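Welcome! Have a look at the structure below, then work through the exercises with their solutions.

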Amino acid sequence: MTKKEEVKNNVLMTMRLYLDPVNMDILESVIVKEFSAVDILEMETLPATQTDMNEYIIRLFIDKRRNKLSDETMKYYISTVRRLIELVNKPLIKIDENDIEYFLRNKRQQGNCNVSVNNLRRNLCAVFGWMRKQKLIQYNPVEATEALPVIEKPIDHMESEDISYLRDACSSVRERALVEFLRSTAMRSGEIPLVRISDIDWSSGKVVIFRHKNNKYGTVMLDKVALQYIGAYIKERNITIDSNEFLFTHAKGNKKEPLKKDGIRYIVKKIAKNSKVTRNVYPHLFRKSTASLIVKRGGSDEMAGEYLGHTPQSVTGRHYTYKGTEHIEEIFNRYVRQ
(Lines give C-alpha, C1' and ligand atoms only; values in the text may rest on other atoms or scores of the structure.)
Protein backbone atom coordinates (compact mmCIF):
# COMPACT_ATOMS: atom_id res chain seq x y z
CA MET A 1 0.00 0.00 0.00
CA THR A 2 1.39 3.39 -0.97
CA LYS A 3 1.42 6.37 1.36
CA LYS A 4 -1.22 8.04 -0.81
CA GLU A 5 -3.56 5.06 -0.42
CA GLU A 6 -2.87 4.96 3.31
CA VAL A 7 -3.82 8.64 3.74
CA LYS A 8 -6.98 8.17 1.68
CA ASN A 9 -8.03 5.13 3.75
CA ASN A 10 -7.31 6.89 7.04
CA VAL A 11 -9.51 9.82 6.03
CA LEU A 12 -12.33 7.52 4.95
CA MET A 13 -12.19 5.45 8.13
CA THR A 14 -12.38 8.59 10.24
CA MET A 15 -15.20 10.21 8.28
CA ARG A 16 -17.41 7.11 8.20
CA LEU A 17 -18.48 8.02 11.72
CA TYR A 18 -20.01 11.23 10.41
CA LEU A 19 -21.16 10.51 6.83
CA ASP A 20 -23.74 8.17 5.35
CA PRO A 21 -22.73 5.67 2.60
CA VAL A 22 -23.77 8.01 -0.24
CA ASN A 23 -21.66 10.90 1.03
CA MET A 24 -18.82 8.50 1.79
CA ASP A 25 -18.76 7.50 -1.89
CA ILE A 26 -18.72 11.18 -2.88
CA LEU A 27 -15.85 11.87 -0.47
CA GLU A 28 -13.83 8.95 -1.82
CA SER A 29 -14.35 10.16 -5.41
CA VAL A 30 -13.17 13.65 -4.47
CA ILE A 31 -10.07 12.32 -2.68
CA VAL A 32 -9.15 10.05 -5.61
CA LYS A 33 -9.56 12.95 -8.06
CA GLU A 34 -7.49 15.38 -5.99
CA PHE A 35 -4.77 12.84 -5.21
CA SER A 36 -4.35 11.95 -8.88
CA ALA A 37 -2.45 15.19 -9.45
CA VAL A 38 -0.12 15.01 -6.45
CA ASP A 39 2.50 12.77 -4.88
CA ILE A 40 2.86 12.08 -1.16
CA LEU A 41 6.32 11.33 0.12
CA GLU A 42 6.66 8.37 2.49
CA MET A 43 7.65 9.83 5.86
CA GLU A 44 6.56 6.92 8.00
CA THR A 45 5.53 3.31 7.60
CA LEU A 46 2.24 1.59 8.27
CA PRO A 47 1.36 0.81 11.93
CA ALA A 48 4.50 -0.24 13.74
CA THR A 49 3.45 -3.34 15.69
CA GLN A 50 2.01 -6.60 14.45
CA THR A 51 -1.18 -6.06 16.47
CA ASP A 52 -1.61 -2.53 15.17
CA MET A 53 -1.06 -3.69 11.60
CA ASN A 54 -3.63 -6.48 11.86
CA GLU A 55 -6.20 -4.25 13.53
CA TYR A 56 -5.61 -1.60 10.87
CA ILE A 57 -6.30 -4.10 8.09
CA ILE A 58 -9.39 -5.47 9.83
CA ARG A 59 -10.81 -1.96 10.35
CA LEU A 60 -10.03 -1.09 6.76
CA PHE A 61 -11.78 -4.25 5.53
CA ILE A 62 -14.87 -3.47 7.62
CA ASP A 63 -14.96 0.09 6.34
CA LYS A 64 -14.51 -0.87 2.69
CA ARG A 65 -16.87 -3.83 2.64
CA ARG A 66 -19.61 -2.80 5.09
CA ASN A 67 -21.97 -1.74 2.30
CA LYS A 68 -21.35 -4.96 0.36
CA LEU A 69 -21.76 -7.56 3.11
CA SER A 70 -24.51 -8.30 5.59
CA ASP A 71 -23.68 -7.81 9.29
CA GLU A 72 -23.81 -11.56 9.81
CA THR A 73 -21.39 -12.29 6.95
CA MET A 74 -19.04 -9.54 8.10
CA LYS A 75 -18.92 -10.98 11.63
CA TYR A 76 -18.22 -14.45 10.21
CA TYR A 77 -15.34 -13.16 8.08
CA ILE A 78 -13.76 -11.17 10.88
CA SER A 79 -14.16 -14.01 13.37
CA THR A 80 -12.35 -16.37 10.98
CA VAL A 81 -9.51 -13.88 10.44
CA ARG A 82 -9.06 -13.39 14.19
CA ARG A 83 -8.93 -17.14 14.73
CA LEU A 84 -6.21 -17.36 12.07
CA ILE A 85 -4.20 -14.57 13.70
CA GLU A 86 -4.54 -16.19 17.11
CA LEU A 87 -3.16 -19.48 15.84
CA VAL A 88 -0.31 -18.41 13.54
CA ASN A 89 0.61 -15.18 15.40
CA LYS A 90 1.83 -13.25 12.35
CA PRO A 91 0.96 -10.03 10.54
CA LEU A 92 -1.73 -10.65 7.95
CA ILE A 93 0.51 -9.27 5.20
CA LYS A 94 3.15 -11.92 6.04
CA ILE A 95 0.85 -14.94 6.10
CA ASP A 96 1.59 -17.49 3.36
CA GLU A 97 0.02 -20.70 2.05
CA ASN A 98 1.79 -22.80 4.69
CA ASP A 99 0.12 -20.78 7.44
CA ILE A 100 -3.27 -21.23 5.76
CA GLU A 101 -2.69 -24.99 5.41
CA TYR A 102 -1.69 -25.18 9.09
CA PHE A 103 -4.79 -23.27 10.19
CA LEU A 104 -7.20 -25.40 8.14
CA ARG A 105 -5.53 -28.65 9.20
CA ASN A 106 -5.74 -27.53 12.84
CA LYS A 107 -9.48 -26.89 12.52
CA ARG A 108 -9.96 -30.31 10.92
CA GLN A 109 -8.04 -31.97 13.76
CA GLN A 110 -10.29 -30.21 16.25
CA GLY A 111 -13.22 -32.15 14.83
CA ASN A 112 -14.67 -29.70 12.33
CA CYS A 113 -16.25 -31.41 9.32
CA ASN A 114 -15.00 -30.79 5.79
CA VAL A 115 -17.91 -28.47 5.02
CA SER A 116 -17.08 -26.26 8.02
CA VAL A 117 -13.38 -26.17 7.16
CA ASN A 118 -14.20 -25.27 3.56
CA ASN A 119 -16.39 -22.43 4.84
CA LEU A 120 -13.44 -21.09 6.85
CA ARG A 121 -11.26 -21.37 3.75
CA ARG A 122 -13.83 -19.45 1.71
CA ASN A 123 -13.96 -16.68 4.33
CA LEU A 124 -10.19 -16.30 4.32
CA CYS A 125 -10.07 -16.37 0.52
CA ALA A 126 -12.52 -13.45 0.41
CA VAL A 127 -10.49 -11.36 2.88
CA PHE A 128 -7.08 -12.09 1.36
CA GLY A 129 -8.51 -11.59 -2.11
CA TRP A 130 -9.63 -8.14 -1.01
CA MET A 131 -6.16 -7.48 0.48
CA ARG A 132 -4.58 -8.32 -2.87
CA LYS A 133 -6.89 -5.92 -4.68
CA GLN A 134 -5.97 -3.24 -2.15
CA LYS A 135 -2.28 -3.94 -2.91
CA LEU A 136 -1.59 -4.90 0.70
CA ILE A 137 -0.23 -8.23 -0.55
CA GLN A 138 0.97 -9.44 -3.96
CA TYR A 139 -0.95 -12.71 -4.07
CA ASN A 140 -3.78 -14.48 -2.25
CA PRO A 141 -2.20 -17.32 -0.21
CA VAL A 142 -5.54 -19.12 0.18
CA GLU A 143 -5.74 -19.81 -3.55
CA ALA A 144 -2.81 -22.22 -3.22
CA THR A 145 -4.79 -24.46 -0.84
CA GLU A 146 -7.27 -27.07 -1.97
CA ALA A 147 -10.82 -27.32 -0.70
CA LEU A 148 -11.53 -30.56 1.15
CA PRO A 149 -13.70 -33.17 -0.60
CA VAL A 150 -17.34 -33.14 0.42
CA ILE A 151 -19.84 -35.90 -0.21
CA GLU A 152 -22.91 -34.40 -1.83
CA LYS A 153 -26.02 -35.21 0.19
CA PRO A 154 -29.57 -35.19 -1.18
CA ILE A 155 -31.01 -31.68 -1.04
CA ASP A 156 -32.86 -31.18 2.23
CA HIS A 157 -36.51 -30.31 1.56
CA MET A 158 -40.07 -30.94 2.74
CA GLU A 159 -42.83 -32.76 0.91
CA SER A 160 -46.42 -31.48 0.76
CA GLU A 161 -47.32 -33.87 3.59
CA ASP A 162 -44.77 -32.17 5.87
CA ILE A 163 -46.25 -28.76 5.09
CA SER A 164 -49.72 -30.11 5.96
CA TYR A 165 -48.43 -31.38 9.31
CA LEU A 166 -46.92 -27.98 10.09
CA ARG A 167 -50.16 -26.24 9.21
CA ASP A 168 -52.10 -28.54 11.53
CA ALA A 169 -49.65 -27.84 14.36
CA CYS A 170 -50.05 -24.04 14.24
CA SER A 171 -51.63 -22.79 17.46
CA SER A 172 -52.44 -19.25 16.29
CA VAL A 173 -53.29 -17.25 13.19
CA ARG A 174 -49.87 -15.60 13.50
CA GLU A 175 -48.08 -18.94 13.30
CA ARG A 176 -50.14 -20.08 10.32
CA ALA A 177 -49.53 -16.76 8.55
CA LEU A 178 -45.77 -17.19 9.03
CA VAL A 179 -45.81 -20.75 7.66
CA GLU A 180 -47.76 -19.68 4.57
CA PHE A 181 -45.55 -16.64 4.06
CA LEU A 182 -42.35 -18.73 4.18
CA ARG A 183 -43.84 -21.38 1.87
CA SER A 184 -45.13 -18.95 -0.74
CA THR A 185 -42.34 -16.37 -0.87
CA ALA A 186 -39.31 -18.61 -0.13
CA MET A 187 -37.68 -15.59 1.50
CA ARG A 188 -34.59 -15.69 3.67
CA SER A 189 -35.49 -15.30 7.34
CA GLY A 190 -33.10 -12.35 7.58
CA GLU A 191 -35.09 -10.48 4.92
CA ILE A 192 -38.50 -10.94 6.53
CA PRO A 193 -38.06 -8.37 9.38
CA LEU A 194 -37.87 -5.59 6.76
CA VAL A 195 -41.25 -6.38 5.19
CA ARG A 196 -44.08 -3.97 6.02
CA ILE A 197 -47.80 -4.56 5.51
CA SER A 198 -47.94 -1.73 2.98
CA ASP A 199 -45.40 -3.58 0.81
CA ILE A 200 -48.06 -6.15 -0.11
CA ASP A 201 -50.11 -5.69 -3.28
CA TRP A 202 -53.31 -7.40 -2.14
CA SER A 203 -54.78 -7.65 -5.64
CA SER A 204 -51.82 -9.43 -7.25
CA GLY A 205 -50.03 -10.91 -4.23
CA LYS A 206 -46.75 -9.21 -5.20
CA VAL A 207 -44.38 -8.07 -2.49
CA VAL A 208 -41.35 -5.90 -3.28
CA ILE A 209 -38.52 -6.79 -0.89
CA PHE A 210 -34.88 -5.88 -0.30
CA ARG A 211 -32.50 -8.80 -0.74
CA HIS A 212 -29.52 -8.16 1.53
CA LYS A 213 -27.40 -10.87 -0.13
CA ASN A 214 -27.01 -8.89 -3.35
CA ASN A 215 -28.18 -5.46 -2.16
CA LYS A 216 -31.00 -5.34 -4.68
CA TYR A 217 -34.77 -5.10 -4.62
CA GLY A 218 -36.75 -8.08 -5.83
CA THR A 219 -40.29 -9.40 -6.07
CA VAL A 220 -41.85 -12.36 -4.27
CA MET A 221 -45.40 -13.64 -4.45
CA LEU A 222 -48.20 -14.58 -2.07
CA ASP A 223 -50.91 -16.97 -3.22
CA LYS A 224 -54.53 -16.89 -2.08
CA VAL A 225 -53.90 -19.23 0.85
CA ALA A 226 -51.05 -17.07 2.14
CA LEU A 227 -53.00 -13.85 1.63
CA GLN A 228 -55.97 -15.32 3.51
CA TYR A 229 -54.00 -16.10 6.67
CA ILE A 230 -51.84 -12.99 6.53
CA GLY A 231 -55.01 -10.93 6.17
CA ALA A 232 -56.54 -12.69 9.18
CA TYR A 233 -53.38 -12.04 11.20
CA ILE A 234 -53.44 -8.34 10.33
CA LYS A 235 -57.14 -8.13 11.22
CA GLU A 236 -56.41 -9.79 14.56
CA ARG A 237 -53.95 -6.96 15.26
CA ASN A 238 -56.72 -4.41 14.60
CA ILE A 239 -54.82 -2.63 11.84
CA THR A 240 -55.61 -2.05 8.18
CA ILE A 241 -54.02 -3.71 5.16
CA ASP A 242 -52.45 -0.42 4.09
CA SER A 243 -50.68 0.06 7.44
CA ASN A 244 -46.97 0.88 7.40
CA GLU A 245 -46.31 -1.37 10.40
CA PHE A 246 -43.97 -4.35 10.05
CA LEU A 247 -45.70 -7.49 8.82
CA PHE A 248 -44.49 -9.86 11.53
CA THR A 249 -44.04 -8.37 14.98
CA HIS A 250 -43.53 -9.50 18.55
CA ALA A 251 -46.55 -11.00 20.30
CA LYS A 252 -45.40 -9.63 23.67
CA GLY A 253 -43.57 -6.51 24.78
CA ASN A 254 -43.30 -3.91 22.06
CA LYS A 255 -45.80 -5.33 19.57
CA LYS A 256 -44.71 -2.90 16.84
CA GLU A 257 -41.13 -4.11 16.79
CA PRO A 258 -40.33 -6.45 13.86
CA LEU A 259 -39.85 -10.12 14.57
CA LYS A 260 -36.14 -10.74 14.01
CA LYS A 261 -34.40 -13.73 12.49
CA ASP A 262 -33.98 -15.57 15.80
CA GLY A 263 -37.66 -15.03 16.63
CA ILE A 264 -38.74 -16.47 13.29
CA ARG A 265 -36.54 -19.51 13.85
CA TYR A 266 -37.96 -19.98 17.35
CA ILE A 267 -41.56 -19.98 16.08
CA VAL A 268 -40.78 -22.41 13.24
CA LYS A 269 -39.03 -24.77 15.68
CA LYS A 270 -41.98 -24.56 18.09
CA ILE A 271 -44.49 -25.41 15.36
CA ALA A 272 -42.34 -28.32 14.15
CA LYS A 273 -41.96 -29.69 17.68
CA ASN A 274 -45.77 -29.82 18.06
CA SER A 275 -46.28 -31.42 14.64
CA LYS A 276 -46.01 -34.93 13.23
CA VAL A 277 -42.92 -33.93 11.27
CA THR A 278 -39.95 -35.98 12.48
CA ARG A 279 -37.28 -34.22 10.42
CA ASN A 280 -35.31 -31.11 11.40
CA VAL A 281 -37.33 -28.05 10.39
CA TYR A 282 -35.83 -24.56 10.14
CA PRO A 283 -36.78 -21.38 8.20
CA HIS A 284 -34.34 -21.95 5.33
CA LEU A 285 -35.90 -25.37 4.73
CA PHE A 286 -38.99 -23.65 3.30
CA ARG A 287 -36.72 -21.96 0.77
CA LYS A 288 -35.19 -25.26 -0.31
CA SER A 289 -38.63 -26.87 -0.42
CA THR A 290 -40.09 -24.20 -2.69
CA ALA A 291 -37.10 -24.48 -5.04
CA SER A 292 -37.49 -28.26 -5.14
CA LEU A 293 -41.23 -27.87 -5.81
CA ILE A 294 -40.55 -25.66 -8.83
CA VAL A 295 -38.25 -28.30 -10.34
CA LYS A 296 -40.62 -31.18 -9.48
CA ARG A 297 -43.47 -29.41 -11.26
CA GLY A 298 -41.42 -29.01 -14.42
CA GLY A 299 -39.47 -25.82 -13.88
CA SER A 300 -35.73 -25.57 -14.44
CA ASP A 301 -32.97 -25.05 -11.89
CA GLU A 302 -32.52 -21.58 -13.37
CA MET A 303 -36.19 -20.76 -12.78
CA ALA A 304 -35.94 -21.95 -9.19
CA GLY A 305 -32.90 -19.72 -8.68
CA GLU A 306 -34.65 -16.75 -10.25
CA TYR A 307 -37.64 -17.12 -7.94
CA LEU A 308 -35.33 -17.38 -4.92
CA GLY A 309 -33.50 -14.22 -6.03
CA HIS A 310 -30.13 -15.81 -6.73
CA THR A 311 -27.69 -13.71 -8.73
CA PRO A 312 -27.26 -15.17 -12.27
CA GLN A 313 -23.94 -16.98 -12.67
CA SER A 314 -23.47 -16.52 -16.41
CA VAL A 315 -22.10 -13.34 -17.97
CA THR A 316 -25.23 -13.14 -20.13
CA GLY A 317 -27.52 -13.46 -17.12
CA ARG A 318 -25.63 -10.83 -15.11
CA HIS A 319 -25.09 -8.20 -17.76
CA TYR A 320 -27.26 -8.71 -20.84
CA THR A 321 -30.58 -10.32 -19.94
CA TYR A 322 -33.34 -8.34 -18.26
CA LYS A 323 -36.28 -10.24 -16.79
CA GLY A 324 -39.01 -8.18 -15.16
CA THR A 325 -41.44 -9.02 -12.38
CA GLU A 326 -43.76 -10.62 -14.94
CA HIS A 327 -41.24 -13.45 -15.33
CA ILE A 328 -41.20 -14.08 -11.56
CA GLU A 329 -45.00 -14.00 -11.52
CA GLU A 330 -45.11 -16.56 -14.33
CA ILE A 331 -42.79 -18.94 -12.45
CA PHE A 332 -44.94 -18.51 -9.35
CA ASN A 333 -48.23 -19.13 -11.14
CA ARG A 334 -46.95 -22.21 -12.95
CA TYR A 335 -44.91 -23.92 -10.25
CA VAL A 336 -45.54 -22.48 -6.75
CA ARG A 337 -49.11 -21.24 -6.37
CA GLN A 338 -51.50 -23.39 -4.32
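A residue counts as buried under 20% relative accessible area, exposed over 50%, and partly exposed in between (1.4 Å probe, protein chains only). This is a predicted model, where local features need pLDDT of at least 70, side-chain atom pairs count only at pLDDT 80 or more, and totals for chains, interfaces and linings use all residues. Residues are numbered from 1 along each chain as its sequence is written, and side-chain values use heavy atoms, with hydrogens and water left out.

**Exercise 1. Decide whether Lys-68 is buried or exposed.**

Step 1: Find Lys-68 in the loop between α3 and α4. Helices (H or I, at least four residues) and strands (E, at least two) are DSSP runs, numbered from the N terminus.
Step 2: The relative accessible area of Lys-68 is 51%, so Lys-68 is exposed.
Step 3: For a sense of distance, go from Lys-68 to Glu-245: they are 177 residues apart in sequence and 27 Å apart in space, C-alpha to C-alpha.

**Exercise 2. Work out how α4 and α5 are oriented to each other.**

Step 1: Locate α4 at residues 71-88 and α5 at residues 97-109; their axes come within 10 Å and cross at roughly 100°. Axes are lines fitted to C-alpha atoms, for helices over the stretch in contact, and angles run from 0 to 180 degrees between N-to-C directions.
Step 2: Angles under 35 degrees count as roughly parallel, over 145 as roughly antiparallel, 65 to 115 as roughly perpendicular and the rest as oblique. The two helices, α4 and α5, are therefore roughly perpendicular.
Step 3: Look at who meets whom, with contact meaning heavy atoms within 4.5 Å. Thr-80, Arg-83, Leu-84, Leu-87 and Val-88 of α4 meet residues of α5 including Tyr-102 and Phe-103.

**Exercise 3. Explore the largest nonpolar core.**

Step 1: A nonpolar core is a set of buried Ala, Val, Leu, Ile, Met, Phe, Trp, Tyr and Cys residues joined through side-chain atoms within 4.5 Å.
Step 2: The largest one has 38 residues, and among those touching the most other members are Phe-181, Phe-248 and Phe-286.
Step 3: Elements giving two or more residues to this core include α8 (173-185) and β1 (206-211).
Step 4: A second, separate core holds 30 residues, including Ile-78 and Met-131.

**Exercise 4. Describe the surroundings of Arg-211.**

Step 1: Arg-211 sits in strand β1, and its relative accessible area of 4% makes it buried.
Step 2: The Arg-211 side chain reaches the backbone oxygen of Leu-308 at 3.2 Å.
Step 3: Beyond four places in sequence, the contacts of Arg-211 include Glu-191, Arg-287 and Tyr-307.

Technical notes:
A polar contact is a pair of N or O atoms within 3.5 Å; within protein, one must be able to donate a hydrogen and the other to accept it, and residues adjacent in sequence count only if both atoms are side-chain atoms.
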